[in-house]
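Look over the sequence and the model shown here. We will walk through charged pairs, a sheet, a helix and a pocket.

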Amino acid sequence: VLPSPEGPVPSVSITEIRQYLRAQGIPFHDGYSCLHAPSLFASGKGPAATGAPYTLFIDKMTGSFLCTATLAEGTWQDFQANVELQDRGVPPITEELEEDIRQAREDARCIWDRALPLWELLDEKETSKTKAMFGISLVTDATLKRFGVRYLRTAKSLVFPWFSPRDATLKGLKLVRVEKKGDSITYLEETLPRFDCYHNLFGLTLIGHRDTELVLTGWELDALALHQATGVASMALPRGTTCLPPALLPYLEQFKRITLWLGDDLRSWEAAKLFARKLNFRRCSLVRPGNLQPRPLEALNQGLNLTKILRAALPASHKSIISFRQLREEVFGELVNTEQVAGVKWTRFPELNKLLKGHRRGELTIFTGPTGSGKTTFISEYALDLCTQGVCTLWGSFEINNIRLAKIMLTQFATQRLEDQLELYDEWADRFEDLPLYFMTFHGQQNIKTVIDTMQHAVYMYDITHVVVDNLQFMMGHEHISADR
């Protein structure tokens, strides 16, 4: 849940951050997404100690900080509090682990200990059968070993570890299993700890201090294929094309060039452009999806030259004026992928697809109808449909409270009356919690600037691509009805 209007996140500008650091005598320099400074957590000598390594990263957009040496993190206000405490000779405060995360790590450790390296299965036949099931027959044992991938026989799942970049301890893991429906194959993922606390950059521990180029993929198996075929440093984002959590940006600061090769569809392309904005356009290149440029694992399996595809990546930065020659590939891509250009289709509303074609970014849809006609009920189902397909959604419910809205949505998600089967509540609530769904805590009439600021904050933090306002009249208040809105 986003912060309430009574105590909104005090926004901080990059100018204020710089002024504060200078006033405190903390040296810093500008990075791509963050300011770099010596850490006040790494040693007792304080941030102004000469020659201290610059391991503290401060997000330019939010002021949140992370020390990569000690993994201390927090908000801009936490940082200021720690600086002031240190001025009085008090050691910095570092947060204790929450009980849930500690438990998740213990569970992850148990699963990790039970999982086997793929090349240590009973016989070669079982190994090759397992590899074929995940489409990784061409991925060598050496690559799997390098990235530490294991297999959990009881759950028929590949296990991808999340190691701490500081001391290589196990912080969590992701389980991936295959589900076949007819000819189609879907990959089901589960993480420990839960998705919102799972900030792994798979492959991070293999990066050297001198690496300056990186390829970011949307999937762990793509990172394996890429590294094996090209030898380049490659990492996978924890939530694929859904979201790039700002907490990961400090770990990407050392790279002068980042190529985003997130997948083989138009949504991956849109996500790559969105993430490039966060990472700083000037250092990013994007691999455009196409017939001869599928996702890395597919490219490896088809025998394509992955190095050649990487060399053909397009720069993400756009000048203010461009010619058709630069747009030519994009226009061709839109003609080839007319279905995908139409947007994310609704699975529950085939008739709606005929009218609206799909959910597309940057479009405004207004639903009107008299009180009690079912607008909220319908829109919660409409939004839930997209949310289950990975469309990050932000709800602003100004008319009914969030508890009631969440109850409606959970019932729609479970497609059954949970009040009659309370023993199923936890199971459905766990699944519902993993959806990329966020709620604003405003209610009734609001200051528009506060609402817009909250939306912009949510877009940066959670890569929101779908905002629902229910409804405009309640948000604006009744006295504004006649005024120019």
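A search of the whole structure finds 23 salt bridges. A salt bridge here is a side-chain nitrogen of Lys or Arg within 4 Å of a carboxyl oxygen of Asp or Glu. Side chains of opposite charge can pair when their charged atoms come close. The model is predicted, so local features need pLDDT of at least 70 and side-chain atom pairs count only at pLDDT 80 or more, while totals for chains, interfaces and linings use all residues. Residues are numbered from 1 along each chain as its sequence is written, and side-chain values use heavy atoms, with hydrogens and water left out.

Start with Arg 194 and Asp 434. They form a salt bridge, and their closest N and O atoms are 3.5 Å apart. This pair links distant parts of the chain, 240 residues apart. Arg 194 lies in the loop between strands S10 (184–192) and S11 (213–217). Asp 434 lies in the loop between helix H15 (425–433) and strand S17 (437–439). Helices (H or I, at least four residues) and strands (E, at least two) are DSSP runs, numbered from the N terminus. The two residues also belong to a network of salt bridges that links Arg 194, Asp 430, Glu 433 and Asp 434.

Buried means under 20% relative accessible area, exposed means over 50%, and partly exposed is in between (1.4 Å probe, protein chains only).

Now find Glu 381 and Arg 348. In this salt bridge the closest N and O atoms are 2.6 Å apart. Glu 381 sits in helix H13 (residues 375–387), and Arg 348 in the loop between helices H11 (338–341) and H12 (350–356). Arg 417 pairs with Asp 420, with 3.2 Å between the closest N and O atoms. Asp 420 is exposed, with a relative accessible area of 55%.

Next comes a sheet. Five strands form an open sheet in the order S12-S11-S13-S14-S15, with mixed pairing. Two strands pair if DSSP finds at least two bridges between them. Strands S12 (234–236) and S15 (314–315) stand at the edges with a single partner strand each, so one side of each has no neighbour in the sheet. Four of the five residues of S11 are buried, so S11 is largely enclosed by the rest of the structure. S11 pairs with S13 in the parallel sense over five bridges. Glu 213 has Arg 257 in S13 as its bridge partner. Three bridges join S11 to S12, again in parallel.

Helix H16 (residues 448–462) has 15 residues. Its first and last C-alpha atoms are 21 Å apart, close to the expected 21 Å. The expected span is 1.5 Å times one less than the number of residues. Its buried residues are Val 451, Thr 454, Met 455, Ala 458 and Tyr 460. Asp 463 follows H16, and its phi is positive, near 55°.

How many residues line the second largest pocket? There are 45, and Thr 365, Val 467, Val 468, Val 469 and Asp 470 lie nearest its centre. On a 1 Å grid over the protein atoms alone, a pocket is an open set of points where a 1.4 Å probe fits, with protein on both sides within 12 Å along at least five of seven lines; lining residues have an atom within 4 Å of a point.
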